Amino acid sequence: MFGLKYLPDVTTLQLDKDKCTGCTVCTIVCPHSVFTIEDKIADIVNRDACMECGACAENCPEEAITVRTGVGCAYGIIMGAIKGTEPTCDCSSSSSSCC
Amino acid sequence: MSRQKQQKNRQEPCCCDSSFIPIEISPSHLNQPAPLAEKLPFAVGTLRAGDRIIPQVSTTLTTTDKLGSWKARWKIGRMNYRIPPGLYAVGNPSSESPVLVSANYKMSFDRLRSELGFLDAWILVLDTKGINVWCAAGKGTFGTDEIVRMIDVSGLKEIVTHRKLILPQLGAPGVSAHDVAKRSGFKVRYGPVRASDIRNFLENGMKATPEMRRVRFGFVDRIVLTPTELIGAFKYALPAAVILFALSGLGPGFYSFNRMMTYGLTSVILLLGSVFSGALLAPAFLPWLPAKSFSGKGALIGAAILLLAGWHYFNTPGDFRNWIDVAAWIGIVPATTSFLAMNFTGSSTYTSLSGVLKEMRIAIPLQIGATGIGLVLWIVARFV
């Protein structure tokens, strides 16, 4: 992408190559092409592009991937801090907000 | 539990209700009484599948659909821009037709069906509480549990003979494909990110190119999100501007209408200009602003405004009360634009929680400090 690179060296993404069976699902679900398959095993090739959405970890059948997921949303983090909850986008939800 | 909540909400008066489709959101209701399909404005007919009646939906968007999307972008009725979850049909699907899964945010559903004119298919709409696929996946409402539940509720197993679901790729953060298979017998295939690539995906034997798998955040993608940002920001900025305008008449001696008109106007222009720039220009110029953090990008926009304001002060010093007034805005303007640009992280497609936390730890104290000092100077400037 053009000039759309976020802060380097921040992601909590971890890949345990010993557990990987090379099923390729991480390369399919990642929206930022973070993974590739090298010698039939997943590899992280674009680490700083990770936005911690958690799609890879959620879909890895071997649980070889871990990442702390959450909303990369300043407003959500502020609201979370005020309400004492996890960061949450309140761009939403019938139950909590009405106008 | 969640249904009780919804019903409770329905009884409370709510200004969002105007655009709400007045139908009971209940999957079991959706596929039973025939008249229901007639109440869906986007239905073109009904299909009978076993003992169920499935609404057949149009694949062309009407002016009303487009107007609805436009209104949702401007935060009008956005919280209730939803459709009933359940099974829908496009074209004349058979028991072998593909099943596409979507969210019950109407804009998501509209995007999908408008791309399916070439196809006979089923659409399984999950109850994501009116949230789009990606955000709902992040919350887990577009998730494994809900898919398994909706397969059951919709009677999908009796309607199709195959056991395959096509999910939007951006649903993946909420879904464990292998768990869906284990719990429901349905194998998940992740389709492309964008509905507009579905045709290519299906015609290429359910293969997506790397380009179809990548999220973009181009100029148009960013611009369509800015009305929501602007509305959110101006909700606070307009009252603040009115207060600053009124306070601008303060000064030595009596309250002065002249001062209000001169300095007040300057203050209003600078404040609203900052808000407008932070909420619109920062997203628009995002890739070209030479900073990695959003707060940094916003501060740069603020600096640009300050240069303009400084140039104006140089030419027309009378519009500012004194140099302290100018100094006040050196704090307030970049703090405002920085904060608003930082808020755009939530709308962006590439910021991580860790990254946003990191930039906030630095930016928030600076923004609060600069605004605080700026406001004190602004008040002081009235009286010296």
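# Briefing: chains A and B of a predicted model

B:Asp110 and B:Arg113 sit three residues apart in helix α5 of chain B, which means about one helical turn separates them. Helices here are DSSP runs of H or I with at least four residues, strands are E runs of at least two, and both are numbered from the N terminus. This is a predicted model, in which local features need pLDDT of at least 70 and side-chain atom pairs count only at pLDDT 80 or more, while totals for chains, interfaces and linings use all residues. Residues are numbered from 1 along each chain as its sequence is written, chains are lettered from A and ligands numbered from 1 in the order in which they are written, and side-chain values use heavy atoms, with hydrogens and water left out.

**Salt bridges**

- B:Asp110 and B:Arg113 form a salt bridge, with 2.8 Å between the closest N and O atoms; the term covers a side-chain nitrogen of Lys or Arg within 4 Å of a carboxyl oxygen of Asp or Glu.
- B:Asp110 is buried at 1% relative accessibility, and B:Arg113 is buried at 0%. Buried means under 20% relative accessible area, exposed over 50%, and partly exposed in between (1.4 Å probe, protein chains only).
- Another salt bridge joins B:Asp197 to B:Arg194 (3.7 Å, N to O). B:Asp197 is buried at 15% relative accessibility, and B:Arg194 is buried at 19%.
- Salt bridges with shared partners link B:Asp65, B:Lys106, B:Asp110 and B:Arg113 into one network.
- In chain A, the side chains of A:Lys17 and A:Asp43 form a salt bridge (2.9 Å, N to O). This pair links distant parts of the chain, 26 residues apart: A:Lys17 is in the loop between β1 (14–15) and α1 (25–29), and A:Asp43 is in strand β3 (residues 41–44).
- A:Lys17 is partly exposed, at 42% relative accessibility.
- Over all chains, the count is 14 salt bridges.

**Strand β5 of chain B**

- Five of the five residues of β5(B) (residues 121–125) are buried, so the strand is largely enclosed by the rest of the structure.
- B:Ala121, B:Ile123 and B:Val125 point one way from β5(B), and B:Trp122 and B:Leu124 point the other way. In a regular strand the side chains alternate between the two faces of the sheet.
- β3(B) and β5(B) run antiparallel and are joined by five bridges; strands pair if DSSP finds at least two bridges between them. B:Trp122 in β5(B) is the bridge partner of B:Ala89.
- β4(B) (residues 99–102) and β5(B) run parallel, with four bridges between them. B:Val99 stands opposite B:Trp122.

**Surface of chain B**

- B:Leu67, B:Trp70, B:Trp74, B:Ile76 and B:Ile231 make a nonpolar surface patch of about 470 Å².
- B:Trp74 lies in the loop between α4 (63–73) and β3 (86–90) of chain B, and is partly exposed at 31% relative accessible area.

**Chain A**

- Chain A has three helices and four strands, in the order β-α-β-β-α-β-α from the N terminus.
- Of the 99 residues in chain A, 43% are buried.
- In helix α3 of chain A (residues 74–83), the buried residues are A:Ala74, A:Gly76, A:Ile77, A:Ile78 and A:Gly80.
- These buried residues pack against α16 (323–343) and α17 (353–383) of chain B.

Technical notes:
Patch = residues over 30% accessible without salt bridge, like charges linked within 9 Å, V, L, I, M, F, W, Y side chains within 5 Å. Areas by Shrake-Rupley, 256 points an atom, 1.4 Å probe, with all protein chains shown as cover. Contact = heavy atoms within 4.5 Å.
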